[in-house]
Amino acid sequence: MTVKVFLKLVEIQTKLASLFPFLIGVLFSMVYFHSFHPMNTLIFFIGMLLFDMATTAINNFMDYKKAKDDVYKYQVNIVGQAGLRDKQVRCLIYSMIGIAFVIGLILTYQTGWLMLVMGGVACFIGIFYTFGPVPLSRMPLGEIFSGVTMGFGIFIMTIYINTYQQRFVYLDLHDWQFTVFGDFRQLIPIAWASLPMVFSIANIMLANNLCDLEEDIQNHRYTLPYYIGKENGVRLFNFLAYTPYLTILVGIFFGVYRWIVLGVWLTFPLTRKLTQQFNQKQIKSETFVVSIKNLVLLNTAQVVTLALSLWLV
């Protein structure tokens, strides 16, 4: 397997969806909690990236195995297109998951049992998103699970490994008994700050499903647009594209962010222009990229303004 084929198998260009919650989580930890652990952060990033690549490889492999359309199976899907052997793909997937699992155990030892629980839930959703008799990706749940797992899950785990000593949320195990501690005064701002990422990541999945609606039906994939219709799907795309700006505005008012994060609104005119392009036509090769551009615009602006918060406020 060449590097080029590997990068296509794991769809390296889609890793922005996990990179932004990680980066924003690091910056939010520093700005809001005044805490940062570089070694934990580096180890977590490696594990997160490996597992994200593994789940994407599982997705492409299962789509190949379950494809009903030979054109898709051998000309579109990278597994069939590159003539990859089943054993080869499986070994690669198992290796990435295995390393990610070891990293998870290391972080659990460093930060506490809650990391194992959060990581376990995220891994379960990630694997069964495309694996099993009824994969989540073949149901009208992909947008919810991808948005929440990556936009909120990666975000809160990144914050946790950097602030575990503050115990805003903590799981204690002793003598076969467990106790969960949590501070809603800290958890609510974290949940609110995750919403822009939840919405923008979910919108990538929605845009993909809108563009692939006919192809998905041929391959017995019945995603959200199949149930709500293409017109309502486009309306939902608009809602998910614009709502993050409102959540940031509300977050500034209630002290979740510092005033400089208002600069995110400078990207709104371009987001609106791009979204209008998607409204006109939903074609994979032409307008799917709108969802990626919207995610990059919004979250790059968050990264920049949160970074500025460290020095200018």
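Guide: Let's start with what counts as a patch here: residues with over 30% relative accessible area and no salt bridge, where nonpolar side chains are joined within 5 Å. Keep in mind that this is a predicted model. With that in hand, have a look at Phe-101, Val-102, Leu-105, Ile-106, Trp-113, Leu-116, Leu-173, Phe-178 and Val-180, which together make a nonpolar surface patch of about 870 Å². Helix H6, helix H7 (113–128) and strand E2 (177–182) are the elements that give two or more residues to the patch. H6 gives the most, with four residues.

You'll find Trp-113 in helix H7. Its relative accessible area is 44%, so Trp-113 is partly exposed, since that label covers values between 20% and 50%.

Now slide along to the loop between helix H5 (78–81) and helix H6 (86–111), where Arg-85 is found. Arg-85 has 53% relative accessibility and therefore counts as exposed, the cut-off being over 50%.

Next, follow the chain to helix H9, residues 184–211. Asp-183 caps the N-terminal end of H9, with a side-chain oxygen 2.9 Å from the backbone nitrogen of Arg-185. H9 is largely enclosed by the rest of the structure, because 20 of its 28 residues are buried. There's a kink to spot as well: H9 bends by about 35° at Leu-195, and a proline, Pro-196, follows within four residues. As for its length, the 28 residues of H9 should span 40 Å at 1.5 Å a residue, and the end C-alpha atoms are 39 Å apart, which agrees.

Finally, some charged pairs. Side chains of opposite charge can pair when their charged atoms come close. The structure holds six salt bridges. One of them joins Glu-214 and Lys-230, whose closest N and O atoms are 3.9 Å apart. That pair links distant parts of the chain, as Glu-214 is in helix H10 (residues 213–218) and Lys-230 in helix H12 (residues 230–253), 16 residues apart. Glu-214 counts as partly exposed at 47% relative accessibility, and Lys-230 counts as partly exposed at 27%.

Arg-235 and Glu-231 are four residues apart in helix H12, so about one helical turn separates them.

Technical notes
Residues numbered from 1 in each chain as written. Predicted model: local features only at pLDDT ≥ 70, side-chain atom pairs only at ≥ 80, totals over all residues. Heavy atoms only, no water. Buried < 20%, exposed > 50% of the residue type's maximum accessible area, 1.4 Å probe, protein only. Patch = residues over 30% accessible without salt bridge, like charges linked within 9 Å, V, L, I, M, F, W, Y side chains within 5 Å. Areas by Shrake-Rupley, 256 points an atom, 1.4 Å probe, with all protein chains shown as cover. Salt bridge = Lys/Arg side-chain N within 4 Å of Asp/Glu carboxyl O. Expected span 1.5 Å × (residues − 1). Bend = angle between axes of the 7 residues up to and from the residue. Polar contact = N/O pair within 3.5 Å; in protein donor to acceptor, adjacent residues only side chain to side chain.
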